[in-house]
Amino acid sequence: MMRSLYSGVAGLRTHQTKMDVIGNNISNVNTTAYKASSIVFSELMSQTTQKASGPNAQMGTGGTNARQIGLGVRSGAININITGQGSSQSTGNPFDIMINGENFFVVNNGLENFFTRDGSFYVDGAGNLAMTSTGYNVMGWQVDEETGGIKQDTVSALRIMSAVNMTYPPEATTLANFSGILDKNNKDVTSAKGKSVNLNFFDALGYSYTAKFVFKQSGDVNEYSLELDKILDSTGKEVVSGEAAKALFGDQNLTQYKEGKIAFGADYAWNGTKLEMGNPKVAVADVAALLNADGSWKAGDEEVPDPADPAKTVTVSEQLEAIAKAYGYEGSVQDFFAQIYKEPDPAVHAGATAGADYTMESMLKKLGGAAGVATDVPSLSDLIAPGDTIDTAGRIFNGVKINFDGKKGNFAGVNGQPTASTAMLNLSALNGANGIGEAFEDIKIDFSQTSMYDNKGTSTIGADKGGVDDEDGLGTGRRLGDMIGVSIQQDGMIYAAYDNGMTRLLGQIATASFANASGLEKKGDNLYSATLNSGEFDGIGTDITANGGSMSTGQLEMSNVDLSAEFTEMITTQRGFQANSRIITVSDTLLEELTNLKR
């Protein structure tokens, strides 16, 4: 039998295998991250009819080469262009990821790890990042609870949509700052009511509150007082106000000396503990009805009988406002209370101490017969006759004094101390009081960014949460945050964004690299498994940036099949197949001639 017949058959078979490889490449031209294969031919074997001989000097003959007849061709190797980068395809899906470089994603079916370049992922019903085609979990590294960073340990499934990750916990505000210009010509600053400045803050449960402060100018033009007037919750309801609010901020009972005047209206008069007005006189307030047994004021919203009509009721706040109005301090009860009367001569008021400071509040309480008021305090009804005016020496307030440099206008300290720049809002004192709650934390307030300049009579001073120039937001506080998005960085880090402005690291996508990636074994579904020739996976993986690689989100890697090259290979394969078939037909013709020798 002619050897060429078998050579032709081997050629047909080998070219058919090559055609199979080409066909598979073309069929996967649009398969995500498919890597093209190529085949290498090698000769099958050769039959030696005469071995080679060397030169013979004695005989004077030269050497001869071996005589060998080849017996065909076979497939030498099928190689995968596994390191060839495919083109990128934009999808806009944040969970579609393309690897730039030679690394592989690690996925797991619950039993073993596989490797893939197919980055078409989604979040399954359990919150795990998974392959869209197989549902296999994408593996990566988890966040270390102690450090908050990534702990590169044995890879595990990345559960990015767990119940814990869907929200970001609230945090109480612990730092705040005042900044801006306080213009001494600003009418709000110089008025009895003062300039209001609001500070919004959070408690530890994420509830928001507003602390309302009041700036007022002291006797010294370079000094201003700052008091806490009240605290409101998010619905506008008062949490604390009045003296209880003032006691939460700064130093207690600071004296601010600024000469002022108090004028008692001509149509007013005192009848015992009752304030009367008009002609004929009608009772408008009863001090005795506003006091508790211990001498303190009743709650502002508490109802008391209306002195003008006992069948009706009015609030304590309304009664105190009426009294302040009679003395020219309408709308500013606390400022009226804090005004200081300095006794010039004990002969004026029996029992009073010469040179002593008395507040309007203490004298009003004395008029109402409050318990606990010092015996030398004169009654407010004895101080000034209707239609008269008296001078005041200043006022007592609870808060802090903000000092400025009179030459430069910059901040110059707190309470006269040049090195001090902060004051404490002692909110923890509210915890557990009157059912307010137990989630408040003290807030340290910084005033170093304030200044006193001419700003055309306009003050720009304001308050904000957080420390001065604090880019990390430490101490700012926050409400409970809901997840609004997930982003994947170039290094595979997965971050969640929340509607309270916070972000959280959820994990990092791990990758695998192999010494011989071509040695990986295909498992279908765009998956590979490690073999003895590829190198083993250590279970931990590598950071993609370690090899200079990166990840691109919203993109997928396309197949690296080159159609022009495949069609060219198809042509040469077809011709090779045709040529080998001719070997068989010609060999058959020769055999036919041989059999025809005997007719």
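Are Arg395 and Asp335 buried or exposed? In this predicted model, both Arg395 and Asp335 are buried, and their side chains meet in a salt bridge at 3.8 Å, N to O. Because Arg395 belongs to strand E29 (residues 394-404) and Asp335 to helix H5 (residues 333-338), the pair ties together parts that are 60 residues apart in sequence.

**Salt bridges**

- The count comes to 14 salt bridges, and a network of them links Lys216, Glu227, Asp335 and Arg395.
- Lys35 and Glu557 also meet through their side chains in a salt bridge (2.5 Å, N to O), a pair that links distant parts of the chain, 522 residues apart, with Lys35 in the loop between helix H1 (3-27) and strand E1 (37-43) and Glu557 in strand E41 (residues 555-557).
- Lys35 counts as buried because its relative accessibility is 1%, and Glu557 likewise counts as buried, at 2% relative accessibility.
- Glu521 forms a salt bridge with Lys523, with 3.6 Å between the closest N and O atoms; Glu521 counts as partly exposed at 39% relative accessibility, and Lys523 counts as partly exposed at 45%.

- In helix H4 (residues 316-326), the buried residues are Val316, Gln319, Leu320, Ile323, Ala324 and Ala326, and because they cover an arc of only 160 degrees around the axis, they lie on the same side of H4.

**Negative surface patch**

- Asp301, Glu302, Glu303, Glu318, Glu321 and Glu330 form a negative surface patch.
- Within the loop between strand E23 (282-286) and strand E24 (303-306) lies Asp301, which counts as exposed at 63% relative accessibility.

Notes. Residues are numbered from 1 along each chain as its sequence is written. This is a predicted model: local features need pLDDT of at least 70, side-chain atom pairs count only at pLDDT 80 or more; totals for chains, interfaces and linings use all residues. Side-chain values use heavy atoms; hydrogens and water are left out. Patches are made of residues with over 30% relative accessible area and no salt bridge: like charges are joined within 9 Å, nonpolar side chains (Val, Leu, Ile, Met, Phe, Trp, Tyr) within 5 Å. Accessible areas come from the Shrake-Rupley method with a 1.4 Å probe; for residues, only the protein chains shown count as cover. A salt bridge is a side-chain nitrogen of Lys or Arg within 4 Å of a carboxyl oxygen of Asp or Glu. Lys and Arg count as positive and Asp and Glu as negative; His and the chain ends are not counted. The place of a charge is taken as NZ of Lys, CZ of Arg, CG of Asp or CD of Glu. Helices (H or I, at least four residues) and strands (E, at least two) are DSSP runs, numbered from the N terminus. Buried means under 20% relative accessible area, exposed over 50%, partly exposed in between (1.4 Å probe, protein chains only). The arc is that of the directions from the helix axis to the C-beta atoms.
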